[in-house]
Amino acid sequence: MKTATAGNINEYMRKTGTLRGADIYTFLDPEKKLLVSTIFADLGIAGLHSITIFDALLEKVSSHHNLKYKSEKVSKLSASYADDSSLTYYDSEMTISMLKRSGQRILLITAPKILLPSGETGFKADITIHDDALQPFVFSSQEEDGKSLAYTAKYMGMPSEGTLFIGDRILKTGADSATSFTWMRGTTQKSINLTEINAMGNGWAVSLSAADSRRNIASIGGHLIQLGKCTVTETDNGYHIEEESGRLTMDTETVNVLRYRENLRPLRGEGSEIHSFFRGFISLGEEIINLESGYGSVRKAQGKRQTFRS
C-alpha cells in the first residue's frame, strides 16, 4: 500500500467524473445534552441520507434514514474538503443542506414528521459552523494497486451557533456548542467491515477508526492530537478502548442501538449505530485530562459495497 496525495483526487475526478463518499456532520450542544448527526452519502448506484438525534438527558434516540437509487436531482459530492460547495437532499420526510462558504459552514436540517425522544414531533436546525483557514484538521489518503482509493479529512470540535426547532419550541444553541465534520471519498470496494467511533464532550472530541489508525485523533481545546492503534473490546454494556501507547483509555455505556439492513441490488449489507455515553482520560505527557460527559456513537458496517459510515 502506498500513500496518495491530495492532488490525486482532482485527477481521479477528471478521469472518471465521480468519486463515492460522504459528508458527515456531528453537532453537540453540551448545555442541552443534545447530539445531532447527519449523513449525505453517495454509494455509487444509490444514495444514503440520514438524520439522527441523540437526547443524552432522556437517554433516547430518534433517527430517519433513506437509502434509495440515485436521482439526477440530488446534489453531487465535491472533490475538495476545503473549497466552497453546496449539497442538498430532500424527500417527504426530511431536507438536508450542507453549505461551505469562506470561513463558515452552514448546516440546515428539516424533519417535520420525526418523533423525537421527548415525544414531540418535528425537528429543524439552522447551525452556523465557524471554519476559518487556521482550523486544524487531519487528512489521510491511501491508494492500493492503483485501483482502490480512499481519502478522509476530519475537522474536530468547530465552534458553532444557531437555532434549534424542537416540536413547537425554538431554542438557541448553547455557548459551548461544537461540530465535527468528516469528509470521505473513495472508490467501490468488494467488501466492507468497518468500525468507527466518534465521541464529543465539552471542549474535547475523539474519532477512532478500525480501518485506518492514521485517522485516530483527539481534539482537546481545539488542539489536535494524533493517536496510535486502538484496541476495542466489547464489554457487558458497551466497549473498552485502549490506545497502544497508553495515551487514551475510554469506556462506553450503550444507550440505544439502531440497526439498518438493506438489500438494494447490488448493495447488500447491514449497519449498527450504537449511541453511547463516553468516559475516560487522555494523557498529555505529565498532564492527565479526564474526558467526562461525552456522547457519541460506535458505527459498525458490513456489506458487499463501500458504505462510508463514520
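A residue counts as partly exposed when its relative accessible area falls between the buried limit, under 20%, and the exposed limit, over 50%. Serine 75, at 25%, is therefore partly exposed. The model is predicted.

**Serine 75**
- Serine 75 sits in the loop between strand 4 (60-69) and strand 5 (85-90).
- Its contacts beyond four places in sequence are Phe40, Ser86, Leu87 and Thr88.
- Serine 86 is eleven residues away in sequence, yet the two C-alpha atoms are 7.7 Å apart.
- A polar atom of the serine 75 side chain lies 3.0 Å from the backbone nitrogen of threonine 88.

- Most residues other than glycine have a negative phi.
- Lysine 33 has a positive phi, near 55°.
- Lysine 33 belongs to the loop between strand 1 (20-29) and strand 2 (34-42).
- Its relative accessibility is 30%, so lysine 33 is partly exposed.
- Glutamate 59 also has a positive phi, near 60°.
- Glutamate 59 lies in the loop between strand 3 (46-55) and strand 4.
- With 43% relative accessibility, glutamate 59 is partly exposed.

**Threonine 26**
- Threonine 26 is part of strand 1.
- Its relative accessible area is 13%, so threonine 26 is buried.
- Leaving out residues up to four places away in sequence, threonine 26 touches Leu35, Val36, Ser37, Ala178, Thr179, Ser180 and Met200.

**Salt bridges**
- The whole structure holds ten salt bridges.
- Side chains of opposite charge can pair when their charged atoms come close.
- Glutamate 120 and arginine 169 form a salt bridge through their side chains, at 2.8 Å from N to O.
- Glutamate 120 is in the loop between strand 7 (104-115) and strand 8 (121-130), and arginine 169 is in strand 11 (residues 169-172), so this pair ties together parts 49 residues apart in sequence.
- Both partners are partly exposed: glutamate 120 at 23% and arginine 169 at 39%.
- Glutamate 243 pairs with arginine 247, with the closest N and O atoms 2.9 Å apart.
- Glutamate 243 is buried at 4% relative accessible area, whereas arginine 247 is partly exposed at 29%.
- Glutamate 31 and lysine 32 meet side chain to side chain in a salt bridge of 3.4 Å, N to O.
- Glutamate 31 is exposed, with 60% relative accessibility.
- A network of salt bridges links Asp29, Glu31 and Lys32.

How values were computed. Residues are numbered from 1 along each chain as its sequence is written. This is a predicted model: local features need pLDDT of at least 70, side-chain atom pairs count only at pLDDT 80 or more; totals for chains, interfaces and linings use all residues. Side-chain values use heavy atoms; hydrogens and water are left out. Helices (H or I, at least four residues) and strands (E, at least two) are DSSP runs, numbered from the N terminus. Buried means under 20% relative accessible area, exposed over 50%, partly exposed in between (1.4 Å probe, protein chains only). Contact means heavy atoms within 4.5 Å. A polar contact is a pair of N or O atoms within 3.5 Å; within protein, one must be able to donate a hydrogen and the other to accept it, and residues adjacent in sequence count only if both atoms are side-chain atoms. A salt bridge is a side-chain nitrogen of Lys or Arg within 4 Å of a carboxyl oxygen of Asp or Glu.
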